[in-house]
Amino acid sequence: MSYSKLKLIVAFVLINVSCSFSQQPPVKIYNVKDFGAKGNGIADDYSAIQKCINEALKDQNSRVVFPAGKYKISKGLIAHYLNNNFEMTGEIKNNEYPVISCTALMSVLSIRGYLETQATGTVSISNLNLQGGFGAYHYSASNQFINTNNWFCGLSVTDKKSAKIKNVKVSDIYGQGIYISATKQVGIPLTSRFNDVSILNCKVINCWGYNPKADDYGDGIYIADVSSAVIKNNLVKNDFSITKQLGRCGIVLEFMAEKCTISNNNIFGYDRGIHLEADYGGHLISQNTIWGTDMGIVLFNNNEIRNYPVKIIDNIVSNNGLPKSTTLKRTRDINAISDRSLMNFVAGDNSRAGSLIEGNTFTVSGDFDYFSNSIVNIKADNLIIRKNKYVVKQPQKLKYPILFNNYSNSIPVNDSFQGIGHLQLKKSYSGNKGKIINTNKMNSTPVEFNL
């Protein structure tokens, strides 16, 4: 073959490759002010913004842009679509994001798909400040939403292939702060789940709810039906001096959630800091700070379709900041005092076997409120537990002596115990009561406990 022919063949291949990459249409920009939005905090910008969203969704790839300002809306914004690639972003000015403030008692921004056998469509939301209309609502007899099934979202995304949320603030919501899920949460094909989700550098402030009978809302960040997710570097804070009540959970993984990373988040003021239930495992929970609660990390699981081990590494969990003699109502395990603990790990039938709990620090301080008599409660066999610290400060100020409860064959290795009333160990969670070992008088000196 001649050199000139070889050049023609190479050029032809390069042209075809280039064309295949250019088949995706370019992103078309839609500016909300071009549709009449004022962004002055006075005018009602709902109609203009909703019209902008509707027009943007007529294109396969579109981006809705909010210039700096405060956009008051009298209704919640909704984006209905199937397989578009859709973005919403704000222009940052003086380190501030554009504000979208909803004056109505409803969800602020809802990105809605439709459940398909194969998940479709992508969402990207960034650089926005979403304010709900529930700022004046707190726990009281006059709050019409308390103990009802009515709840709302600051930002919800349902039935999509991919969701990326970055630099978003959500505040003042009764219900869920950031909500990611399929509309039908169980009994769906694995391919109907989100392929990937990321929630990065967000702030979720005063998003809470109270309906203990159903126990189904009141979370900062809720994730379900995802095959992979990263929830990292977020502040999730419920200021109960304002809301007058603990939120339900700071961060939740439920229903078919798999291979998620929850890392370097700061979580305060929730009945449960991090909650996993009916998930598929494979998660990494690392370097989170959970405080203002007496129930930090909660895992509850039995035989699911998948049961991958989880890793819980280098987290700091404490009751610091929970007011002494608080009247805030707990909602989980209030009839099982030992189950309310800074870590409650329950997994029947070896469903979390191989999971790792390492390098965490669990601290109970008598200077703050603590409902339980247990610092950690483990009911799961074949875990790896090592190099954790369990500290009780000012134990004389606590209502009960604090126990370390381990109803499993998972024996701590090189763990440090300080101020623990006694250790309660059993050989197996599966019914074998085994031998209970009580180690008393551990009130001040750290003890390395190796078995």
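Ground rules. I note that this is a predicted model, in which local features need pLDDT of at least 70 and side-chain atom pairs count only at pLDDT 80 or more, while totals for chains, interfaces and linings use all residues. Residues are numbered from 1 along each chain as its sequence is written, and side-chain values use heavy atoms, with hydrogens and water left out.

Overall make-up. I find three helices and 36 strands in the protein, taken as DSSP runs numbered from the N terminus (helices H or I, at least four residues; strands E, at least two). Of the 451 residues, 53% are buried. I also looked up contacts (heavy atoms within 4.5 Å): among those between residues at least 6 apart in sequence, 77% join residues at least 24 apart.

Cysteines. I asked how many disulfides there are, a disulfide being a pair of cysteine sulfur atoms within 2.5 Å, and the count is zero. C207 is buried, at 0% relative accessibility, and the cysteine sulfur closest to its own belongs to C153, 9.5 Å away, which is too far for a bond.

S156. I placed S156 in strand β10, residues 152–158, and found S156 buried, with a relative accessible area of 8%. Leaving aside residues up to four places away in sequence, S156 touches L109, S110, I111 and Y179.

Cavities. I took a cavity as a set of points, on a 1 Å grid over the protein atoms alone, where a 1.4 Å probe fits but cannot get out, with lining residues having an atom within 4 Å of a point; a volume is the space filled by probe spheres set on the points, which are joined across faces, edges and corners. The structure holds two cavities of 30 Å³ or more.

How values were computed
Buried < 20%, exposed > 50% of the residue type's maximum accessible area, 1.4 Å probe, protein only. 1 Å grid on protein atoms, 1.4 Å probe; cavity = no way out; pocket = protein on both sides within 12 Å on 5 of 7 lines; lining within 4 Å.
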